[in-house]
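Today I am looking up aromatic rings. I want to see how they pair and where they sit.

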Amino acid sequence: MKILGAHMSIAGGVDLAVGRGADVGCDAIQIFTKSSNQWKAKPLAPEEVLRFKTGLVERKIAPAVAHDCYLINMASPDDALYEKSIASFGEELDRCEILGVPYLVTHPGSHVGSGEEAGIARIAGALDRLLRDRPGQRVKVLLETTAGQGSSVGHKFEHLRAILDRLVSPERVGVCIDTCHVFAAGYDLRTEKGYHEVMTSFDRIVGLDRVRAFHLNDCKKDLGCRVDRHEQIGAGYLGADAFKWLMNDSRFDDVPMILETPKGADCAEDRVNLALLRSLVDGQASPRRPKKAAR
């Protein structure tokens with residue numbers, strides 16, 4: 001059975017994300033441990049941490065996954081930004097450890113013109129420093145596949161392999177596959193044949209055992225667009241069938257799959273997307289969103 005969830009707001013406190021997730025039918029949730037667009041972070045209060053951990057148990061939500069701040073760029077050639085990014089990511093690792101969150105997802109970063117090889121070396125060097133300084137920490141870093149927008153690293157499976165190969169402790173690092181991003185990067189998941197070819201390629205280059213989380217997002221743009229624009233499940237260029245292959249792939253039954261689709265204040269779209277994904281399991285009726293006009 002698939003572990004499905006969505007990214008939930010931490011407005012008012014990280015503990016409140018648990019109830020928000022439970023209310024829309026999440027098995028798992030993803031959160032920011034701090035503001036996604038600020039370097040500074042308010043310390044986690046012990047009572048907030050306790051409410052968060054207790055809420056996960058009481059609402060039967062597991063696991064909680066975290067995503068790092070959008071300002072972080074551990075591939076940057078700029079030394080000041082690089083050091084600031086390492087310090088900020090280290091703080092987020094520590095916050096995950098305090099909260100008992102097992103995975104911290106990060107976009108590998110952007111090389112900003114220095115080249116892919118240089119960016120990969122910077123990322124690996126940053127992770128080595130961060131993990132070396134936290135020898136007893138249980139949190140795993142998950143490198144997220146990217147769409148290839150700008151000078152981002154991670155839109156080729158080979159980028160992820162190259163980072164892992166440079167690490168002193170690669171066992172402490174896994175991968176989060178984002179369906180929108182890999183499609184935008186040129187990996188076609190729309191047919192059953194295409195899906196299996198992509199997964200076979202990933203397994204050969206990186207290893208499916210490295211996959212510890214998925215981000216489930218349809219794509220607003222077509223295959224290979226290299227634009228990071230999420231759409232509701234079944235309402236974009238991927239289409240609902242692309243998710244059917246994943247929902248029926250037993251290799252990922254224990255891997256959390258998190259929605260990052262657009263939503264309003266009441267999170268109604270999360271309910272719709274979660275119901276649609278669950279309906280795609282073989283043997284169940286499959287509701288479909290209304291088809292878009294010809295594009």
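Is F252 buried or exposed? I find F252 buried, at 2% relative accessibility. Buried means under 20% relative accessible area, exposed over 50%, and partly exposed in between (1.4 Å probe, protein chains only).

A note on the source: this is a predicted model, where local features need pLDDT of at least 70, side-chain atom pairs count only at pLDDT 80 or more, and totals for chains, interfaces and linings use all residues. Residues are numbered from 1 along each chain as its sequence is written, and side-chain values use heavy atoms, with hydrogens and water left out.

Next, the pairs. Rings of Phe, Tyr and Trp (its six-membered ring) pair if their centres lie within 6.5 Å; planes under 30 degrees apart count as stacked, over 60 as edge-to-face and the rest as tilted. I get 4 aromatic pairs by this rule.

I looked up F157 and Y187. They are stacked, at 4.0 Å centre to centre and 10 degrees between the planes. F157 is in helix α5 (residues 157-166), while Y187 is in the loop between α6 (179-184) and α7 (192-205), 30 residues apart. Helices (H or I, at least four residues) and strands (E, at least two) are DSSP runs, numbered from the N terminus. F157 is buried at 3% relative accessible area, and Y187 is buried at 17%.

Then I checked F214 and F252. Their ring centres are 4.9 Å apart and their planes at 75 degrees, so the pair is edge-to-face. F214 is buried too, with a relative accessible area of 0%.

Last entry: F157, Y187 and F202 form one aromatic cluster.
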